[in-house]
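Trainee: Could you take me through one part of this model slowly, starting from a single residue and then widening the view to what surrounds it?

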Protein chains: 2
Amino acid sequence: MTPVALDPRTLLETALEEARAGLDEGGIPIGAALFAADGTLLGRGHNRRVQDDDPSTHAETAAFRAAGRQRDYRDTVMVTTLSPCWYCSGLVRQFGIGALVVGEARTFSGGHDWLAEHGVAVTVVDDERCATLMTDFIAARPELWYEDIGEVRS
Amino acid sequence: MTPVALDPRTLLETALEEARAGLDEGGIPIGAALFAADGTLLGRGHNRRVQDDDPSTHAETAAFRAAGRQRDYRDTVMVTTLSPCWYCSGLVRQFGIGALVVGEARTFSGGHDWLAEHGVAVTVVDDERCATLMTDFIAARPELWYEDIGEVRS
């Protein structure tokens, strides 16, 4: 069921564009996109916590929403610039999304190993640009980043 | 960190009102609410797949969004009429929501045991009204229900 003809690095470019758009808007620079098995873009989006004051819009949920109602996600690929948090990993698992491409898992490691254990075809690209984007952002705005992943630092 | 003074059955009434509102709108009857430790309602909502053509708005994510940006969820309680799916269970885990009240887990059993293993204080009320609401809905609109949990039936 796993799409095989798609190049993860090519797909990642769309997610990276989204992450950069989010940064330009003053937001948290994480982007994502959902693709069909033939490479058709179904939906794309980025984190909108700051822009919309909406804690529920992570990059992956934004891309998922933008793709609209789909009947079968098994042949789809979720691409995200950063390892998905539990919220977004749960999304991938619940809807049976077949494949996951992760830009980087250095600055944050969420549920991508858990998803692999549950049958999702996971590729971690370890893209330097994605890592630098998050490293710089976390250094500049740590309070926003920790808020976004529900981490309380006292 | 777990709120102790709140009665799960009382909190559940708000989620049940939301589920019924969703049904009246022609939607999937699942409702949820997020409460502070002192019983203050932070946000409430219901599944809006049908109403908004939005697959990302489950009851729990709607309640979470309605609560706005919060800095610390450890003392909050998520109340939902139905056992949360992986997507919504991931939400509870990622944001460190301290307690979960589940109306019923008969018609669908999601990640509430997983959450209990990860330190969330979980109460399953096993409310007959919640169970009847879902049983009747699934019998009437099975295709909508399976779409909502990403289950493909061929």
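Mentor: Let us begin with Cys85(A), which has a relative accessibility of 4% and therefore counts as buried, since the cut-off for that word is under 20%. Please keep in mind that this is a predicted model. Glu128(A), by comparison, is 43 residues from Cys85(A) in sequence, with 20 Å between their C-alpha atoms.

Chain B can be laid on chain A by a turn of 180° with a shift of 0.0 Å along the axis, giving an RMSD of 0.0 Å, and that is the relation of a two-fold axis. Within chain B, Gly90(B) has the C-alpha nearest this axis, at 2.5 Å. Of the interface residues of chain B, 100% are also interface residues in chain A, so the copies meet through the same surface.

Turning to the sheet of chain B, we find 5 strands in an open arrangement with mixed pairing, in the order E2-E1-E3-E4-E5. Strands E2 (41–46) and E5 (121–124) of chain B stand at the edges with a single partner strand each, so one side of each has no neighbour in the sheet. From one strand to the next, the twist averages 15°. Helix H3 (residues 59–66) of chain B packs on this sheet, where it touches E1, E2 and E3 of chain B.

Definitions and conventions:
Residues are numbered from 1 along each chain as its sequence is written. Chains are lettered from A and ligands numbered from 1 in the order in which they are written. This is a predicted model: local features need pLDDT of at least 70, side-chain atom pairs count only at pLDDT 80 or more; totals for chains, interfaces and linings use all residues. Side-chain values use heavy atoms; hydrogens and water are left out. Buried means under 20% relative accessible area, exposed over 50%, partly exposed in between (1.4 Å probe, protein chains only). Copies are superposed by least squares on the C-alpha atoms of residues with pLDDT of at least 70 in both. Contact means heavy atoms within 4.5 Å. Two strands pair if DSSP finds at least two bridges between them. Helices (H or I, at least four residues) and strands (E, at least two) are DSSP runs, numbered from the N terminus. Axes are lines fitted to C-alpha atoms, for helices over the stretch in contact, and angles run from 0 to 180 degrees between N-to-C directions.
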